[in-house]
Amino acid sequence: MTKKRRLSMICLSLLTAAIMVPSTLLAEGNQGTASTPNKSVTTAQAPVYQNVSVHDPSIVKDGDSYYVFGSHIEAAKSKDLISWTRFTNGYTTPGNTLYGDLSANLSESFAWAGRNDSDSKGGYAVWAPDVFWNKDYLHPDGSKGAYMMYYSASSTYIRSAIGFAVSKQIEGPYTYGGTVVYSGFTRDDAKDKDSVINKKWTNTNISKLIRSGTFSNPRPEWFNADGSYANLTYPNAIDANLFYDSKGKLHMVYGSWSGGIFELEVNPRTGMPIYPGQDGITEDGRLIDRYFGTKIAGGYGKSGEGPYVVYNKETGYYYLYVTYGWLGADGGYNMRVFRSKQPEGPYVDSLGQNAVLPGNIDNAPYGNKLIGNYLFDRKVGDPGTGSGVGYVSPGHNSVYQDTASGRAYLVFHSRFPQTGEMHELRVHQIFMNEQGWPLIAPYHYGGESLSKADRQDVIGDYKLINHGRSNSADIQHASSITLNKNNTVTGAVQGTWKRTGQYQASLTLSGVTYEGVFLRQWDPVSQQRVMTFTALSKDGTAIWGSKLPNEDDREVVADVVQDLTLGDTSQVVANLSLPTEGSRQTTISWTTSNADVVTTAGEIHRPASGSGNKSVVLTAIITKGKVTATKRFDITVLPYSDAKLTARYSFENDLKDGTGSYAAGTITGSKLDQTGGKITYTDGHQGKAASFDGASGIRLPDGLISSSSYSVSLWVKPEQLSLYTTTFFGAKDSTNWVSVVPMGPASNQTMVWSGSETWYDAAAGPAIQAGEWTQLAFSVDRGTLTVYVNGVAKFTGSHFKDLFTGPGGTFSLGVNWWDPPFQGLIDELTLYEGALTPQQAADLAKTSP
């Protein structure tokens, strides 16, 4: 789980300045005038969302306030589950809001993992706490009752520990109580990379347990033949969750990936596990370990983490929530649920499949899938603006059950389409279908409650999401269906529908029956309350629906005509995005007055440098049923204009700008704001090159770029590739930046990567080769980004943020404020005012070594 560690850290550092932001539509798209108001929705007062970034949130209520505690010592509170306020200060120490002197307070756990060690070198890795009130906890002074925080300290994907701290006040400070479970230990002396910690099992609490007689010796099966930790069978000790069973006994579930999820009973007076002491097998064949407890899910190195168990008195089941995939925007994080009549399992899905995998097989078919990657696309002509609302890699949930109201809520973090690794807290209401399985409301909780769903309000057009069963990172896009008056379903899928109660829903789509509920919710795109449905099939597949206005074909076509826009068409320099589908499967076709300049697919052929503008008329033909309309767009295509050289750093045994326009660069340490590094010079692509040792960088002059149209080109020869490592880096500030990374977060591709209010991933193909010279370049032209590899355009995209207009701007080579420094050679850095023409980009790559 090294990626989890690194990605979480960079997200933490980049989001510090924007930890609390107003609710927005988190997917970019064509901006157009809102279409006709929804005739079948209510305009009740909008919920006032105030969102926060709390990763791996655990929810608990104290008095009239809800609290969420998450990874990296972040926490927030709310009165209504809608508007949240952060009250912590992250890893700050001393003076940490929750832990005081963090290093001293948790020193026993940090002696094993999580502080300035291996994957947490230079910092901390305190993850995924679970907080709850334990009325039975006995303090040293004899008083009883404490809020208990079970946290994770981790240094690698398997070397971790779970400890706990206690406080009589929900907001702390929390005092260390003990470290309860270790993982990643070895049979013999051993150390991880960048670590001084001896991983031998004798350096855990196992030695103490043997001395106390809990068990007599280490279990031989904990170790592989070479003495390493057997992590395909045994857990990574993170992600604890504490819960009470129906008889009042306290239990802990925990674990991540690899060996799976385990359960231990806990002594409520001490907070310490009641270790089994003996090995065994459950009646259904699951592992019981003397130390780790009973296996309840996963195994064989398959994904699965963030376990959370809740008991439901109405159904009599314990529900085990777990997240598959990995948490990055390209990782396919998705939430699953199983249930059991006993706290220690067996937990099964709706098909009766055990949560513990039967072998080294794909885990995607196991567990009812509640949420994965999806987007309620806003088609042209739909209400609202933007491209819709959806989630990317939603997961690591907790659950809050309100005994007074009978409501339940799923609390989790999520990333979002087209926003990179930015993440926020989300709360969705939970309902039970008639088979006693959880259903998740389609939209962010906004104060809604179940009420009678009148038949006339249910009938109409819907956007449909089918979450499927896979662990894929692909986004499930909405399709269009209609719930007709005669109880048939038509559109993208065929079938039938019916109400089975005041709000209960049953839909049979393509021969599969889904049971669920109808519910009015706040739609953040249309900014109104709309009818929705959420339902689950017998095989554990979830579907969601969101209703559109009641309109006839003529009204729909009018909406599409009004909403259809191509943006500013008076100075076109990049391909146009020409939509071919509008609201409710309306078709949009195109004609052009000059296909040599603008094609009917929106491809632009710009005139050569020195030529004049070209004018073209594009006509959209909008059709639904027997209704047709047209809309004209006048397009002016600008000719290419050669970019003008503004700076050249050739590294001929110095860091000077060869044009004389800017100052020389200066040497940094391993971070942009550190000193003490060393740059040498060696044979380069042309003459000499700057040699980076993996612990140094070059700070370039401030203000090197100061416009909305610019280009950067450089030759790079990495000695080794590491995730996120930059070659060229520029920043307006710590949350608005652009980076040229040989290996980036989009499936390890070479890319131009940018962070701002929304993140931008410009992937240019498979990572470039270590040990080889590659020419990388990118151009920004008033929001259009083009990325070149060896003179060939590999990416072109729009809506790139204007980062550098105006004074200031910080620039560097090989380093930024967060990531591992570059190791290898950089040569011939050139900067330009304006965008490179294709010919200029090709010429830059032609220069032979």
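# Calls and cut-offs in a predicted model

Q: How far apart are the mean positions of the positive and negative charges of the protein chain?
A: They are 4 Å apart, with 72 positive and 79 negative charges. Lys and Arg count as positive, Asp and Glu as negative; His and the chain ends are not counted. Each charge is placed at NZ of Lys, CZ of Arg, CG of Asp or CD of Glu.

Q: What kind of model is this, and which pLDDT applies to local features?
A: The model is predicted: local features need pLDDT of at least 70, side-chain atom pairs count only at pLDDT 80 or more, and totals for chains, interfaces and linings use all residues. Residues are numbered from 1 along each chain as its sequence is written, and side-chain values use heavy atoms, with hydrogens and water left out.

Q: Why does the radius of gyration of the protein chain agree with that of a compact globule?
A: The rule is 2.2 Å times the number of residues to the power 0.38, over C-alpha atoms. For 849 residues a compact globule would be near 29 Å, and the protein chain has 29 Å, so the two agree. The C-alpha trace spans about 85 × 75 × 45 Å along its principal axes.

Q: What makes up the secondary structure of the protein chain?
A: Seven helices and 54 strands. These are DSSP runs, numbered from the N terminus: helices are H or I of at least four residues, strands E of at least two.

Q: How many of the 849 residues in the protein chain are buried?
A: Buried residues make up 60%. Buried means under 20% relative accessible area, with a 1.4 Å probe and protein chains only.

Q: What makes the peptide bond from Thr-93 to Pro-94 cis or trans?
A: Omega is near -5 degrees, and the bond is cis. Pro-94 is in the loop between strand 6 (84-86) and helix 2 (102-105). The bond from Gly-172 to Pro-173 is also cis, with omega near 5 degrees. Most peptide bonds are trans.

Q: What caps the N-terminal end of helix 6?
A: Asp-552 does; a side-chain oxygen lies 3.2 Å from the backbone nitrogen of Arg-554. A polar contact is a pair of N or O atoms within 3.5 Å; within protein, one must be able to donate a hydrogen and the other to accept it, and residues adjacent in sequence count only if both atoms are side-chain atoms.

Q: Which strands do the buried residues of helix 6 pack against?
A: Strand 36 (581-582), strand 37 (586-592), strand 38 (614-624) and strand 39 (627-637). The buried residues of helix 6 (553-563) include Val-556 and Asp-559.

Q: What does Asn-816 touch, not counting residues up to four places away in sequence?
A: Lys-671, Leu-672, Thr-726 and Phe-729. Contact means heavy atoms within 4.5 Å. The Asn-816 side chain also reaches the backbone nitrogen of Trp-818 at 2.8 Å. Asn-816 has a relative accessible area of 3%, so Asn-816 is buried.

Definitions and conventions
Buried means under 20% relative accessible area, exposed over 50%, partly exposed in between (1.4 Å probe, protein chains only).
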